[in-house]
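Please look over the sequence and the model shown here before reading the report.

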Amino acid sequence: MAGEESAAAQHIRYEPDEKAPQGLAAAMAAQTVLLILAGIMLTPLVIARGAGASDADTSWMVFAALVAAGVSTWLQLIRKGPIGSGYVLFVGSNVAFVGVSVAAYKAGGIPLLATLGAVGALTTFAFTRWLPMLRAVLTPAVGGTVLMLMALSVGPVIWKMLSKPLPGAALGAPHGIVFLLTLGTITVILLFGKGMVRLWAPLIGVALGTLVGAWFGHLDVTRVVAAPWLGIPGEGWPGIDLSFDARFWSLIPAFALLSLVGCMETYADGISAQRMSHRKERPIDFRSVQGAINADGTGSIFAALLGTVPNTVFSTSLAVSEITGVASRRVGLWGGLFLILLAFSPKIGAAVAAIPSQVVGAYILILVVIIFGHGIRLVNEEGLGFEVGLAVCLSFWVGLSAQSGGLMNEIMPAWLQTIFSNGTTVGGVTAMILMLIITWRRGPQDRVSLPLSPRAVLSLNDTVARFARRVGWDERAENRLMLAVEEAVIFLCEEREALGKGAKGSGRLVVRLKETKGEAEVEMVTGPSERNLEELVTAASTANPADDTDNLAIHLLARVTRELKHLQYTQGDYLQFRVDSSA
């Protein structure tokens, strides 16, 4: 164990709070920006080309995407308040919104796209506010189903780009060669590359595909040459659409649902950032995770109002931090600055816009395939039993039927046809409804709410006794469960008193008990605390109780519980553990 901790300590060169040298931080930021730049700029470019946008609108969307990415990356660095994770999380354009953004632009241009993106992102704050309670519905299986359906919805946009003829085929080469070369290069590097080389795969593929396209005379650089090095592209801010007509209401469900899925991805990225940014392992601070999601939502609203696609955290930046061991917040400060500075160079935007559609299509196809695979992994994250498997498969095929127009769309009113033609929305909502049904049918649970004080133990003993009788536990198992509940309540009371809030009649305690496969699942909900019981129990499980008599309650809790989790949210603490019915 000591050797592992020592190795981890050597790997992490700079933690988030530590100040890395400015030169090193700037170099790391520049490297990360180069890795994610294509993703930030090509996503709005795909939307613009798929929707047939004007050159002015295309330039503006790319410019806005870079500005929003820089500002959103800075937002993630904030450590106080409800917004910000306190970790280096680079942010950029969310490819998941490609399909619905194309539909939005076709319906009302950038103003409608801006309104839909901003309103849809508001669901982010509802997600973080009700995060503990949404865990039963917005499960990884639901998120995975939505991601797979989203990947399918982007397909028509990609095929349209691939079928678009390239200008000036001087040597008569089929345009499929450019696409296949780009796709093959990225795929080979992803399969055989190691470490940092794999991270460069998309950029290398795009560069090689563009060079081959130029060789065949398929690259027009006249606009790149004419574009100035500094300035603001396009015709200025295009504004927003506040009409809230049928176009808005038919598309907002998809934007809101994709925003929720984006929350789930940021949730995972926020946890990963904490795990790979510290030398010593520690319990996850879910207040930081909530801050990351709120920053993501705020950044998406800013991006949408500015006139481009909503944002998301780029996991590539986490890979760079993990490989290099540099997690200092200074890297994020420099990175946000570089992204904003690049936005004010129309020549860079023109260079990206000049990339052949076949190259862009191959790049987006790889991203969509990776997202589809990520959806499959999410579906399997918590095990795919019969019930969850049925919910996932049924939701997927319902969404696919809706996307193809086979869900009896012709018998619906016109406004409803628009909603039911979006497979991501229909499939995602179906998955959430089925997960609600599964949660409801998994059996009853005992729940009690009472003031948080030492006297709560007496009431809880009666609750535990009723629970034990209902599930058929013997006296020994009942006593084990009572002991665990008592020690946990004592800890929560001591924490509240230590915070100066008093122990008598101060705050509420909600306790839920549920039996699953011979085990009692216990959840306690109370006000926020400072210390993390999970960390204390982990330390106590490897220590000698005789050497630490002051924490005897924690030692007892470590002995009689398993899978103890202390989830600290901004709204309060969620303490979860299991007690086996056998000794």
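This is a predicted model: local features need pLDDT of at least 70, side-chain atom pairs count only at pLDDT 80 or more; totals for chains, interfaces and linings use all residues.

Residues are numbered from 1 along each chain as its sequence is written, and side-chain values use heavy atoms, with hydrogens and water left out.

A nonpolar core is a set of buried Ala, Val, Leu, Ile, Met, Phe, Trp, Tyr and Cys residues joined through side-chain atoms within 4.5 Å, where buried means under 20% relative accessible area, exposed over 50%, and partly exposed in between (1.4 Å probe, protein chains only). The two cores are set out here.

| Core | Residues in core | Among its members |
|---|---|---|
| Largest nonpolar core | 89 residues | Ile-40, Leu-42, Leu-116, Phe-255, Val-331 and Ile-364 |
| Another core, apart from it | 37 residues | Ala-465, Cys-493, Ile-554 and Leu-557 |

The residues listed for the largest core are those with the most contacts inside it. Leaving aside residues up to four places away in sequence, Val-331 touches Ala-25, Met-28, Ala-29, Val-88, Phe-90 and Val-326, contact meaning heavy atoms within 4.5 Å.

Gly-383 lies in the loop between helix H17 (357–380) and helix H18 (386–403), helices being DSSP runs of H or I with at least four residues and strands runs of E with at least two, numbered from the N terminus. Gly-383 is partly exposed, with a relative accessible area of 36%.

Strands E6 (residues 562–568) and E7 (residues 573–580) pair in the antiparallel sense over five bridges, pairing requiring that DSSP finds at least two bridges between two strands. Lys-565 has Gln-576 in E7 as its bridge partner.
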